[in-house]
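This briefing covers a chain interface, a strand and its neighbours, and some backbone details. Please look at the sequence and the structure before reading on.

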Amino acid sequence: MLGTDKERGTAVASGRPGSRHRWLALLLQDRFAFAAALVLVVVALCAVLGPLLVGDLATRQNLRDPGREPFSLEHGWAYVLGSDSLGRPVAARMIAAASTTMSVAVPAVLCSLVVGSLWGMWAGFHGGWRESVSLRVADVILSFPSLLLAVVVLYVFSPSVAALVLVLAVARIPVYLRTARAESAELRSRLFMDAARTFGTGGWASIRRHVAPSVLPTLLTVAALDFCFVMLTESSLSFLGIGIQPPDVSWGLMVAQGRQELRSAWWIAVFPGLAIVVTTVSATVLAAWARLSTDPGQRWRRGLRGGGRRVRAKAGGAVADAPVPDEGLQSPAPDQDRAVAQDSHRDRDVTHDSRDRDVTHDGTATVTPPSESTRSDALAVESLCVDVHTPAGPAAVVRGVSFSVRFGETLALLGESGCGKSMTAHAVAGLLDPAAEVVGGQARLGGENLLTLTGRARRRLAGPGVGIVFQDALSALNPVQTVGAQLAEPFRIHERMSRRAARAEAVRLMERVGIPEARSRAGAYPHQFSGGMRQRLLIAMAVALRPRVLLADEPTTALDVTVQAQIMDLLGELRGEQRMALVLITHDLGLVADHADRVAVMYAGAVVETGPVARVFAKPNHPYTRGLLESVPAEQHKGGRLNSIPGSPPDPRSVPAGCAFRTRCPMAREVCATRPPTLSPTGADRAAACHFGKELADA
Amino acid sequence: MTGPGPLRTRSTARRRPKRATGVFLSALALLAGSACSVAGADPIGEGPDTLRVVLPEEPPTLEPCDASLTATGRVTRANITEALTERDPSTGRLEPALAVKWTRTSATSWTFTLRRGVTFHDGSAFTAAAAAFSIRRATDSAIECNVDGYIFSDSEATARAVDDSTLVVTTAEPDPILPLRLSFVEVVPTSTNPKARVREPVGTGPYRIDEWSQGRFLRLKRYAGYWGEAPDYAAAKYVWRAEGSVRAAMVTNDEADVAIGLAPEDGAGDRAVEFVTNEVSYLRMDATRAPLNDIRIRQAVNYAIDREGLVTAVFAGRPSGQLVSKGVTGYNPRIGPWRYDPERAKELVAQARADGVPTGTTVTIIGRNGIYPKAAEAMEVVQDGLLKAGLKVEIKMLDVNAWLEYLLRPFPKNAGPTLLQAQHGNQAGDAAFTMEQIYGSEGAQSSYGTPALDAAIDKAQLASGDERQRAFARAFALQNDEVVRDAVMANMTGILALSPGVRYRPDSATNDEMRLADMRRAD
Amino acid sequence: MFTMLRRRALSSVVPLLVVVLGVFFLARLTGDPANLYLPLSATPEMRADFAARNGFDQPLVTQFGDYLAQVARLDFGESLRTAQPAAEAVLRAFPATLQLAGWTMLLALVGAVVIGSVAAYRPNSATDRIASFLSSTAASVPDFWFAIMGVLVFAVTLGWLPTSGTNGGAAWILPVATLLIRPFGVLVQVVRGAMVSALSAPYVKVARGKGASEARVVFGHALRNAAAPVLTVAGDLAVGLVNGAVVVETIFGWPGIGKLMIDSVLQRDFAVLQAAVLVTALAIFALNILVDVCHALLDPRVRLRAAA
């Protein structure tokens, strides 16, 4: 997940496969998934071509010399895995068995998957009596001894593949039904489903559009494991004589018959057993891979596989003493000072080698020289670079961002979706996803570089030093804890307060942020609050320990206009009260105009212009800022495309060489393609990263 | 998982995870507390004086009149209860047990002189009245004794106590083998319930029931008042495990002294003891339906079966050509197993086909799982042979009850021509317990018979002495040469595992009657 | 909560009846048990007798009515095989299975939560890969194969454990291990998946933003949110155990209900089968209710939905 939903959207767009080749390419990247796919292809080939391959070898008995040992080619390839108690070659039988095994397992799993999950989704989506009745039906099937069912089927019909499939499928339906029901009921309780229903979308359409995509990944995982369950059940049924009838043979039958000989001829049962295990493991691995590849929220993880290590190794040359991250999901904050020092005067290269990403823009230091700003600045970020690891390699999403903010001041980080502003805030707060990695720069908070702190030191500062407010208050609050407990947590962690004292503090905080009846509401859960109230709670949590810097990541995006104003007022009040520095991350120009003192406009992972809000908005010194301001009347749909600027922001993996904005810039010249502009002063307390910044300032 | 519908709760706030923890902890405590009840229910209490025997299955009951059932009989017979007579399986001779001698006083009447000084486990004395009571209870009570059906299916017997030690038994028809039949009637005291089955009987045997913890073990204790020689072991403990390899492992692991019902592949190693049983495996052909109604096809089936291969690769046994084993009255030493001759089988099928026999009709092998080790594999061998001979064959493996419908009259309609996988064990030692049932035109297990064979059987049944032997032997030969209804496969070999500390020589009756008194300490 | 329990209990009555009805009629489709319980050469009169005594001569509907009336008096009939009351056999066997299944689920859950969380903590790390591989292997190993290999290796070759039986604590190891292996494998995967989603949720970031330790993040915040799918799957697996401990009970000579049930199916011992199914169905329904209660305890939204 790339930080916020909006940014995730970009990743989805960029990761969407263009064609089947794309999938194949993705598959080839994952060695495990590839091996698994290969195994399944071999099994499928055996299933289809097996009978042709082995002919009558599989049933050729040799009673005079049974139980030949495996791993000898003396008697031909078919005997390489030994022969069974009737002298039949195990290898040939396994190939012949693949077809029968699959013709039972595949339809049985598919049937139960399709019927069970459709039924479950339907039941979960509608709820009410449909749900109750469906669940009770599942209970009945589950409590029914499937063996009795099997004996009846054998007795009433004849044992056949079709009857077997029927028995196995019916027995497994409840599992899918219940899983699908649980997940879709969970989804139903979420907002967007209500919205879908309000729009009058039909049941099945909603299920197809909203429920199925979320439920299917889980069901696929279950199905992959079920594959093995079905094969093993078929095995025990075969052993009871209800399963596959000789001379047909399945792996399950081979295991069941061979287990009698485990002491004298282990290979008879072990090899088909291995076939079952390997096939199931392959199916599971592939299902897990498919789940990662289809789930946008999970997809970034693919990039992690080995990728992180590779990049780190590559970057090792520059960051020789980078500490190995031992905090798991907590993102690493390698000491990049030296690398930055070494490379800071090198011109930015146009290649996308990750190592060169460490190189930062020249001249950033000129805007907020650390030497002079550290004393008055609450937070000073310098040349921050963040890479995200994708399957295609690392992509620079933050490319040398610098800004500073003073106590009691509000700085707005303004930019479109995907420009890297949230990533910047998360990097500063040390909350990057594992896929993202800080590869250069520093963030100074009262003389300490936040990016190089150990886990313990960072935790000490999280709260009293830096607080962060997220945009989606519903998902940012733990749904299963009372808000009181969540608000009390900072006090419990940092001030080691008793449960009771922390709770009192929590109530006081709730009162401060304007939650009515705070004392009684402290025992309620997040879902019992309105959106605005939740945002207040989130802010309360962030300011609980009076942080020096508060990072507010789109704090009002999900709220309606009146609530927005209330929340911003609250933030303003708190900032004044606590003399904290507020970094407001937003794409909303109006918000910036009303509430911020200074603004830093970001584009494609870099700051393109900074300055006091009023002056920047009155006279932008960068064509991008100008474009933004011109689009204001059209900016009704928040986060929508900017009408007045043609094109769209670049993919982080293919940022144009030279000036990142040149492809959309009305003023672009040749120089823009060859030389990246640096952020340079264009006036008092102002700077812009444009070759024509001065021209615009003076115009 | 529940639907929201039926789930209802009043207060939604202020619920703490503590409660979940509480539920979890109490569940844990419950489990921990109860764990001892299973583990502790099985006191070890087995010193060197206890003989540990592991059986394939728990006896369903120890009811004496069900002693002809293998699972019951091998525990009950000659251990807990005894009969008036007993057959020595090695010689085939009838030996005295609770009766010391018997004479045929008329064609339909026998007089038994009973042993004196015998007491039941409850202390009461064994008398002729108890013997008469036992015979009545077994043969004409409402409790449907298995012995009744097995031994007295076609004869009526009335017993009368003359004095304490003299018993007269009369039959409606002349019965030359009545004393043999009575070796299956276990004697119980008159205090036994005549109207209902008893699970834990009182008998006169060397061991009495000490404790039966169902599902776990059955322990017998030596009966101090036993009339005969006291057995070596003071107690015997039976346990049961369904898996042959586990039974064998228990002996190698010194958890049991005797394990029975093993297969060669169970891995008993040098502790395995092989012995000839009275069981004979065979295939019953449904000679009333085409193509099996043609004798050439039935002969072809016999030629097509590789009996040597079966006993090498599938089960332990000796190829055989008749349903009774050596030592049984009526065994014909001149009938050998059919030769394995696939070419001859092919020829015969081809001839029959040329004469218009529908050899393309699918013949179904009705198999029964677990009838002997690797039952399905055995049928695969048969199928392979028949397919090579040019017949069309399918296998259908069934569970016992479904299989019984094919074994017993009335047979299922529309079943098509079938080959039934079957096994016959003549426990009693007289071909009378084989012939009529299995080969008579009207026999309960007979799919086909001929008038000539019926006549031969009838004649043999009334004969006695050497004439009886010759008559039954002739009937077997007739079946084998002219009727060819069966394809007899092999006289099965039993395997048991014996710990080095125990001396025991199994015989052909061991599977039905395992005498604990015969098990001695090796040292 | 009690209202909910009552409602759930009431709503289980009809399904229970359906199970009983289904078993009753399906069992009778599998053929007349007379062949099994009468001597091979039984006469037609003996068969008629047998049928009359067991009520098999009545129309099925009458038989079912009689059965229900019997059950209402808590009389579950008599076993054809052992001539004992069916309820006695079932009640003797049930605790053994329950204990076996209970320990198995407990160990599987604890182990899976630990290993699944460790794996999810660093997705796609070597640890995660190994855990995923081993767990999917565990989930697909044929259990009877595993059981017999266990006996051969640990009892016969090494001599560390008894082969079978119920004597002492050591005897529990192999049966529990055999029963454990599949649920454990499945649960590790489920826990891992759920924990990966939970750990990438924004509230986890917020918790870190508050300076919470990693232990607090994982166990205080993520685990409880990941519990719902784990509970659901664990419930299903536990049902599978109650119903399917057959292999373990057969191989290790454990006097449980799985073995009783399979024996009574194969032996057409209807009374015992019906009683066994009724008891397991009751247990399964109770288990489902327990899972629901746990859901409600763990997730306030479930309680809200239920109240709505």
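A residue counts as buried when its relative accessible area is under 20%. By that cut-off A604(A), at 13% relative accessibility, is buried. The model is predicted.

- A604(A) is not a glycine, yet its phi is positive, near 50°.
- This residue sits in the loop that runs between β9 (598-603) and β10 (606-612) of chain A.
- In chain B, K374(B) also is not a glycine and has a positive phi, about 55°.
- The loop holding K374(B) lies between β14 (362-368) and α10 (375-389) of chain B.
- K374(B) has a relative accessible area of 4%, so it is buried.

**Cis peptide bonds in chain B**

- The peptide bond between A290(B) and P291(B) is cis, with omega about 0°; P291(B) belongs to the loop between β12 (272-285) and α7 (295-304).
- R409(B) and P410(B) are likewise joined by a cis peptide bond, with omega about -10°; P410(B) is in the loop between α11 (400-407) and β16 (418-425).

**Strand β8 of chain A**

- Strand β8 (residues 581-586) of chain A is largely enclosed by the rest of the structure, because six of its six residues are buried.
- On one side of β8(A) the buried residues are A581(A), V583(A) and I585(A), and on the other they are L582(A), L584(A) and T586(A), so that both faces are covered.
- β8(A) pairs in the parallel sense with strand β3 (residues 410-414) of chain A, over five bridges, and L411(A) stands opposite V583(A).
- Strand β7 (residues 549-553) of chain A also pairs with β8(A) in the parallel sense, over five bridges; here V549(A) stands opposite A581(A).

**Contact between chain A and chain C**

- Chain A brings 81 residues to the contact and chain C brings 74 residues.
- About 7100 Å² is buried between the two chains, and carbon and sulfur atoms give 65% of this area.
- Three salt bridges are counted between chain A and chain C.
- R216(C) and E489(A) form a salt bridge in which the closest N and O atoms are 2.7 Å apart.
- There are 14 residue pairs in polar contact between chain A and chain C, both residues at pLDDT 80 or more.
- On the side of chain A that touches chain C, helix α11 (residues 267-294) gives the most, with nine residues.
- By class, that side of chain A has 44 nonpolar, 19 polar and 18 charged residues.

Conventions
Residues are numbered from 1 along each chain as its sequence is written. Chains are lettered from A and ligands numbered from 1 in the order in which they are written. This is a predicted model: local features need pLDDT of at least 70, side-chain atom pairs count only at pLDDT 80 or more; totals for chains, interfaces and linings use all residues. Side-chain values use heavy atoms; hydrogens and water are left out. Contact means heavy atoms within 4.5 Å. Buried area is the accessible area (1.4 Å probe) that two parts lose on being put together, summed over both. A salt bridge is a side-chain nitrogen of Lys or Arg within 4 Å of a carboxyl oxygen of Asp or Glu. A polar contact is a pair of N or O atoms within 3.5 Å; within protein, one must be able to donate a hydrogen and the other to accept it, and residues adjacent in sequence count only if both atoms are side-chain atoms. Helices (H or I, at least four residues) and strands (E, at least two) are DSSP runs, numbered from the N terminus. Ala, Val, Leu, Ile, Met, Phe, Trp, Tyr, Cys and Pro count as nonpolar, Asp, Glu, Lys and Arg as charged, and the others, Gly among them, as polar. Buried means under 20% relative accessible area, exposed over 50%, partly exposed in between (1.4 Å probe, protein chains only). Two strands pair if DSSP finds at least two bridges between them.
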